[in-house]
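I opened the notebook to record what I looked up in this structure. The entries below follow the order in which I checked things.

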Amino acid sequence: MRGGNRHLPYLYLAPALILYAGFLLYPLLRSAQFSLFSWDGLGASTFVGAANYVDLVQDPQLRAAFGHALVLIFFFAVLPLGIGLMLAAVLNRAKVRGLGLFRTVVFLPQVIAMVVVAVAWRQIYAPDGALNSALRAVGLDALTRTWLGDYTWTLPAVGLVGTWVQTGLVTVLMLAGMGRIPSEQFEAARLDGAGAVREFFEITLPSVRGEIAVALTLTIVAALKTFDLVYVTTGGGPGNSTTVPAYEVFQRAFREGAVGSAAAVGITLTVLIFGLNLVVNRIAERGER
Amino acid sequence: MITSRFERSMNYVILVVFAVFALAPIVTILLTALQPQSSDATGGVLGLYPGNFADAWTEGDFARYMRTSLTVSAVVVSVALLCSILAGYAFGTMQFCGSGPLFYLFLLGLMVPTEAIVVPLFYDLRELGLTNTLWAVALPQIAQSIAFGTYWMRAYFRTSPPSLIEAATLDGAKPWRVLWSILVPIGRPAVVTLTVLTFMWTWNEFLIPLVMSPNGAFRTAPLALALFKGQHVQATALLAAAAVLVALPVVILYLLLQRHFIRGMLEGAVRE
């Protein structure tokens, strides 16, 4: 570009950069600053250094919230990945009709507002809801319970909603990855006498390494960011048995007047997500070489 | 590929089982929404009560909240789209000092969770008297959408053939004209994908409107549903009907443009 136009790229960039910096980068920095203070949201604030971060390890309630997030990661990421891999591998072996329709259907949970998903599952988990009715219908009365009022079962029940939402995304992602494997590779393996299992571990799995990395990043981040689902289904209860980090951010900042602590949890979540992206991508890249 | 007939029929069984797993909750809420509101309800058609949707619509004041959601979505989508096209054009076709680091700065925004920005956003915008306005709800979502949109549009502009731009430039077209009368029309699929994704994310967003409009002046449809849930704990049919109404706009769009949704969410996730 010639001399007079040297500033042109920056002019094209300016609107995006101003809005992005003003309403995302600046608040992020402010959050980091907030996290070093103790503030109730109204009065004066006091500098407390890293105390809000020390609380993350010491405060049992925060520790519980992060522990619950780990459980959710199992339901949002590990379970859907296992199901999605198996499902896609099986479907990829034989050409079946209706695959397009199947994709549309299993992907549907991804586009429904989480609040709607939460309302739907609340009704399914209700004492006289669909799940208990189904259990009674097949004579498993002993298994019925108040799914969202039970200290043991509420967190897995909430997690299962995540499995429902994420499985379709992971499956479609794996199908796309496996569809790109040249069929000669499978044919060669079959001539070698490889069965379905060996074929899966020797050809399919290594080929979709990149897709697995993407799927894990997306779903783990979704698990860490869970807010609407908990807010609508359980409100963190019963007791504190289903609180999650994002829910703690909201509670602390806007209900309990612990703004600094809320910011520290938010920043910690960000650091965890950055780290996760780095680690997962690093592992995926190393495998490709 | 040669596979046995047994394997093929097993595949159909698996397809059906998982399709049912995905659809069952949706069918359940649809059926619940069509149940009578009370045991002595009248006006059913074949035992179904579509009137519930009308009742939920009026009782939850959804006309108002859907309008708010539409306004917020329209503002977020149009502003973010315009900014993203311009920034993506600069990153994708121009060479300038600092383009690498600046692009990474935008990529950073793809990873920042809402939870990390919403707290100072609320307190700082309250200070400016902007909470409970359209701007408090829309601007943070515009910023988030720009991070993704810039990344998305840059990827498109990088794949556009340079010869096309060169030919137009030789004809005397300025960059502005090259963008709007050549590249954007050709890149319509990429623009449509970005538009529907931004619309879906904005329509479905919960935390930002919840925090940024505490008095409910800019309550969006998902928030209205959460509130409706609190007021109608016993009215299962009405609540289900309200939930269906809130999900419907995005679901209809998905059924019409599913390729854009699936492609966008898969490709958008695969970072370089």
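Entry 1. I looked up the contact between the two chains in this predicted model. Chain B gives 88 residues to the contact, and chain A gives 83 residues. I then checked the area: about 7,800 Å² is buried between chain B and chain A. Carbon and sulfur atoms account for 78% of that buried area.

Entry 2. I asked how many salt bridges there are between chain B and chain A. The count is one. I found its partners to be the side chains of B:Asp124 and A:Arg30, with 2.7 Å from N to O.

Entry 3. I wanted to know which element supplies the largest share of the side of chain B that touches chain A. Helix H1 of chain B, residues 5-33, supplies that share with 16 residues. I also sorted the residues on this side of chain B by kind: 71 are nonpolar, ten are polar and seven are charged.

Entry 4. I turned to A:Asn5, which lies in the segment before helix H1 (8-34) of chain A. Is A:Asn5 buried, partly exposed or exposed? Its relative accessibility is 32%, so A:Asn5 counts as partly exposed. The cut-offs behind this are under 20% for buried and over 50% for exposed.

Key
Residues numbered from 1 in each chain as written. Chains lettered and ligands numbered in written order. Predicted model: local features only at pLDDT ≥ 70, side-chain atom pairs only at ≥ 80, totals over all residues. Heavy atoms only, no water. Contact = heavy atoms within 4.5 Å. Buried area = accessible area lost by both parts, 1.4 Å probe. Salt bridge = Lys/Arg side-chain N within 4 Å of Asp/Glu carboxyl O. Helix = DSSP H or I, 4+ residues; strand = E, 2+ residues; numbered from the N terminus. Nonpolar A, V, L, I, M, F, W, Y, C, P; charged D, E, K, R; others polar. Buried < 20%, exposed > 50% of the residue type's maximum accessible area, 1.4 Å probe, protein only.
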